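Me: I would like to go through this model with you, helix by helix. Could you show it first?

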Amino acid sequence: ALTYPFHGEHQAGITTPAQDRLHFAVFDVDDISRTELIGLLQDWTTAAARMSQGSSAGEFAPDAGPYEAPPEDTGEAMDLGPTGLTITFGFGPTLFTTADGDDRFGLAARRPRALVDLPKFSGDMLDERISGGDLCIQACADDPQVAVHAIRNLSRIAFGRASLRYSQLGFGRTSSTSTAQVTPRNLFGFKDGTANLKAEDPEGVDGHVWVGEGDDQAWMAGGSYLVSRKIRMNIEPWDRTRLSEQERSIGRTKGQGAPLSGGDEFTAPDFAMPGSGGQPIIAEHSHMRLAHPDTNGGARMLRRGYNFVDGNDDLGRLDAGLFFICFQRDPERAFIPVQTRLAGSDLLNEYIRHVGSAIFAVPGGTSEGGYVGSLLF
Ligand code: HEM
């Protein structure tokens, strides 16, 4: 069975080859003490370490333990194996200081500078109910039931200490995080993840994903910052759009995912190559060009998002899109400048709408016996 180690220098679920399924959950902490918060993180760590190795969430198997008590594990993953489960924890800005400035856990002075409140981007149509939050858990696995089981049991463990604010299911990874993976496609039918940062590029990952020792707050060393954006895709207008316009909007071909300047999927784009009418062949406002490091002072991030379809809306349109997730060393030098540029003039904007948003500080990994985020306390 595919198993990734839980303990290590970094948390799993970042450079881990992107699994097929996601259950992303965001919690708000209840009115508890600092000691109780630490207790929650310890209990979560223990259960997450167990589940990611294919064990039950608690000490007893779902069908064992005291007969007159609820089982310590809900049981629906019993016969499935770990299927590559990773569980990644993050801390939102409001864990450090509440919206009205309350330093409830004595953590305000330890909030990293890089854990900024994201600015409002042009075109944002954010729904507060699916934005923000104190704590996040990203569960990824190749079986959806295994990912859901992980979130369900961690929610159960949090009872009375933290409450679920929102959660999102995702399928069909929209990125590759390893050169060993083929590039998947998003719901617009284009290959997504071609130019992503990959685990096999240690220089890129060390430079752009992991927080360094001297970056900011020492407790964040070996960690990363997660930005999530729920992006609704207007599927029906897109499906009535000409192929030439679809390719112009992305800047790549639909079939191979090659840049419009030629070559194959992994050929570097030639932004200077002229097209018709004196315009460059890769349009100035194509998504790929606007998001490319050359347009953004070298900014790079590790994208790790998933497709979603949450049924349909009242008008009979698919409620579908991309649950975008990215990891980076400093959002002010990666997601924020890139999204500012995209929000301004991306040709894709006609077909997408950002409806949810959040940012989390993802601390480094833990060793056996430790708990996630222990260096913060
Ligand atoms: C590249 C789709 C949102 C950042 C791409 C590519 C596609 C794509 C098809 C080209 C293949 C690749 O290199 O992966 C989409 C869709 C989005 C979306 C459909 C929304 C529904 C975003 C957002 C960001 C972003 C919100 C970050 C703010 C990037 C970056 C690249 C990229 C950095 C690589 C550019 C390069 O270096 O060539 N995207 N994307 N994308 N996208 Fe997006």
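This is a predicted model: local features need pLDDT of at least 70, side-chain atom pairs count only at pLDDT 80 or more; totals for chains, interfaces and linings use all residues.

Me: How many residues does α1 have, and how far does it reach?
Reply: Helix α1 covers residues 34–52, which is 19 residues, and reaches 27 Å from its first C-alpha to its last. That is close to the 27 Å expected at 1.5 Å a residue. The expected span is 1.5 Å times one less than the number of residues. Helices (H or I, at least four residues) and strands (E, at least two) are DSSP runs, numbered from the N terminus.

Me: Which residues of α1 are buried?
Reply: The buried residues of α1 are L37, I38, G39, L40, L41, W44, T45, A47, A48, A49, M51 and S52. Buried means under 20% relative accessible area, exposed over 50%, and partly exposed in between (1.4 Å probe, protein chains only).

Me: And what do the buried residues of α1 pack against?
Reply: They pack against the strands β1 (21–29), β2 (86–91), β3 (135–141) and β4 (162–173), and against the helices α2 (93–96) and α3 (144–158). Contact here means heavy atoms within 4.5 Å.

Me: How are α1 and α3 oriented relative to each other?
Reply: Their axes come within 10 Å and cross at roughly 155°. The two helices are therefore roughly antiparallel to each other. Axes are lines fitted to C-alpha atoms, for helices over the stretch in contact, and angles run from 0 to 180 degrees between N-to-C directions. Angles under 35 degrees count as roughly parallel, over 145 as roughly antiparallel, 65 to 115 as roughly perpendicular and the rest as oblique.

Me: Which residues meet there?
Reply: On the α1 side they are L40, D43, W44, A47, A48 and M51, and on the α3 side H149, A150, N153, L154, I157 and A158.

Me: What else can be said of α3 itself?
Reply: Helix α3 has 15 residues and reaches 21 Å from first to last C-alpha, close to the 21 Å expected. Its buried residues are V146, A147, H149, A150, I151, N153, L154, I157 and A158. They pack against α1 and the strands β1, β2, β3 and β4.

Me: What comes after α1?
Reply: G54 follows α1 and has a positive phi, near 90°. In the loop between α1 and β2 lies S55, which counts as partly exposed at 35% relative accessibility. T83 is also found in the loop between α1 and β2. Its phi is near 40°, a positive value in a residue other than glycine. T83 is buried, with a relative accessible area of 18%.

Me: Changing topic, which protein residue is the donor for the ligand's iron atom?
Reply: The only protein donor is H287, through NE2, at 2.0 Å. H287 is found in helix α7 (residues 287–291). Donors are N, O and S atoms within 2.8 Å of the metal (3.2 Å for Na, K and Ca); water is not among the atoms, so sites may look incomplete.

Me: What covers the buried residues of α6?
Reply: The cover includes α5 (235–239) and α7. In α6 (residues 243–250), the buried residues are E245, Q246, E247, S249 and I250.

Me: Where is A258?
Reply: A258 sits in the loop between α6 and α7 and is buried, with a relative accessible area of 4%. Beyond its neighbours within four places in sequence, A258 is in contact with G251, R252, T253, G263, D264 and E265.

Me: Finally, what does G8 contact?
Reply: Leaving aside neighbours within four places in sequence, G8 is in contact with G365 and T366. The C-alpha atoms of G8 and T366 are separated by 5.8 Å, although the two residues are 358 apart along the chain. G8 is in the segment before β1 and counts as partly exposed, at 32% relative accessibility.

Note on methods. Residues are numbered from 1 along each chain as its sequence is written. Side-chain values use heavy atoms; hydrogens and water are left out.
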